Amino acid sequence: MVGIAVLGAGRIGKIHATNVASNKSARLIAVADPYASAAQSLAGALGADAMTDCEAAIDRNDVQAIVIGTPTHTHISLMLRAVRQGKAVLCEKPIDLDMAKSLEAVEEVERLNGRVMLAFNRRFESTFAAMRAAIDAGEVGEVRQVIITSRDPGLAPEDYIRHSGGIFRDMTIHDLDIGRWLLGEEPVELTAMGSRLVDPALMEKYDDYDTAMVQMKTASGKQCHINNCRNAVYGYDQRIEVFGSKGMLLQDNLRPTTLRRWTQDATDAREPLLNFFLERYQQAYKAELDAFIEALAQNKPLPTTVQDGLKALRLADCAVESVNTGRAIRV
Ligand SMILES: NC(=O)c1ccc[n+]([C@@H]2O[C@H](COP(=O)([O-])OP(=O)(O)OC[C@H]3O[C@@H](n4cnc5c(N)ncnc54)[C@H](O)[C@@H]3O)[C@@H](O)[C@H]2O)c1
């Protein structure tokens, strides 16, 4: 049994704590959040200790691993505190918004042989994973192009936008990771465009963009194209196409049911898409957590690492630079 403390009882912390509590090889020891009521309600519901001090939760003797679901600027110090004590970490993305700080942290994690998994949950989504498996099995031959569409249903509140680090480091970072993963080769060149079409005044205020495109190319010429928007009126739009020398793989959106309706007003009408990431990636968060615990319990390599976090952040930084300079950037 792996004793786990979940740090952060917000949107993502709730998901992780619930998944830890349901895993047979783990025990949810504590939920820590500086807001006592948040920690208490989540910990109470799951039979764990509520704590307001994240560092004290890491230091507990009965805690062997931590899950970091706190705001991004807290990730590095919590991660390093755990690694210095030889404890394993599942850390939410991104490592940090700053590349220099992230590099320094990764250097220490690696020097101490720290076991840190970066929470790129989409790799564990069953259709995404089936896509990667199909590529590995040679079903589409050599991958030539990966096209990723990822659009949020609605613009996040201003407070979220203010602290997000911008669309590329906050939102696109998932797609940059999936792009690298599906291409199977590191991008060496990146071009990005950013536009302010949903809420120009808000985006201007925070020097951010609500609509973005990224194109990446690998050394052998494989291409990846990412489409993002903070607002799609029809819901959370998550689609991927992988095109290769022997065929194509297409991953469509999910709906609550597969029901299709034909009436006087519409044909082939289907239900709206699953609303947002908590619903769309529910299975993926659980599979991610299960993979983390399985790797710890069986002493296997972690499926994603701090290097994945660093590489995705580097690509996000290149996207910002490309938008600012209007140039293609060498990664
Ligand atoms: N992988 C994903 O799909 C995904 C989705 C959402 C968020 N995230 C990441 O998870 C992290 C948390 O995001 P969220 O949406 O759950 O945020 P949130 O605001 O809903 O929750 C954060 C929690 O941390 C607590 N907190 C605030 N300051 C703290 C501090 N200094 N130390 C410890 N805890 C503190 C808050 O009380 C809150 O309960 C972010 O890094 C974000 O990028 C990842």
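I66 counts as buried because its relative accessibility is 0%; buried here means under 20% relative accessible area, exposed over 50%, and partly exposed in between, with a 1.4 Å probe and protein chains only. Please note that this is a predicted model, in which local features need pLDDT of at least 70, side-chain atom pairs count only at pLDDT 80 or more, and totals for chains, interfaces and linings use all residues. Residues are numbered from 1 along each chain as its sequence is written, and side-chain values use heavy atoms, with hydrogens and water left out.

I66 is found in strand β4, residues 65–68. Helices (H or I, at least four residues) and strands (E, at least two) are DSSP runs, numbered from the N terminus. Which residues surround I66, leaving aside its neighbours within four places in sequence? I66 is in contact with A5, L7, I58, L78, A82, A88, V89, L90 and F292, where contact means heavy atoms within 4.5 Å. L28 lies 38 residues from I66 in sequence, and their C-alpha atoms are 9.8 Å apart.

Let me turn to the sheet that holds β4. Six strands form an open sheet with parallel pairing, in the order β3-β2-β1-β4-β5-β6; two strands pair if DSSP finds at least two bridges between them. At the edges are β3 (49–51) and β6 (116–119), each of which pairs on one side only. Neighbouring strands of this sheet are turned by 20° against each other on average, direction ignored. Strand β1, residues 2–7, pairs with β4 in the parallel sense over four bridges, and L7 has I68 of β4 as its bridge partner.

Two helices deserve mention here. Helix α2 (residues 36–46) packs on the sheet, touching β2 (26–32) and β3, and its direction makes about 165° with that of β3. Axes are lines fitted to C-alpha atoms, for helices over the stretch in contact, and angles run from 0 to 180 degrees between N-to-C directions. Helix α4 (residues 75–84) lies across β1, β4, β5 (88–92) and β6, running at about 170° to β5.

There is also a seven-stranded open sheet, of mixed pairing, in the order β12-β11-β7-β10-β9-β8-β15. Its edge strands are β12 (247–251) and β15 (329–330), each pairing on one side only. Strand β11, residues 237–244, pairs with β12 in the antiparallel sense over five bridges. Helix α8 (residues 167–183) lies across β7, β8, β9, β10 and β11, at about 150° to β10. Helix α12 (residues 306–325) lies across β8, β9 and β15, at about 55° to β8.

I come now to the aromatic side chains. How many aromatic pairs does the structure hold? There are four; rings of Phe, Tyr and Trp (its six-membered ring) pair if their centres lie within 6.5 Å, and planes under 30 degrees apart count as stacked, over 60 as edge-to-face and the rest as tilted. One of them is the edge-to-face pair of F128 and Y281, at 6.0 Å centre to centre with 85° between the planes. This pair links distant parts of the chain, 153 residues apart: F128 is in helix α6 (residues 126–136), and Y281 is in the loop between α10 (277–280) and α11 (282–297). Both F128 and Y281 are buried. F128, Y236, F276, F277 and Y281 form one aromatic cluster.

Finally, the whole chain. The protein chain has 12 helices and 15 strands. Of its 331 residues, 51% count as buried. Along its principal axes, the C-alpha trace spans about 55 × 50 × 50 Å.
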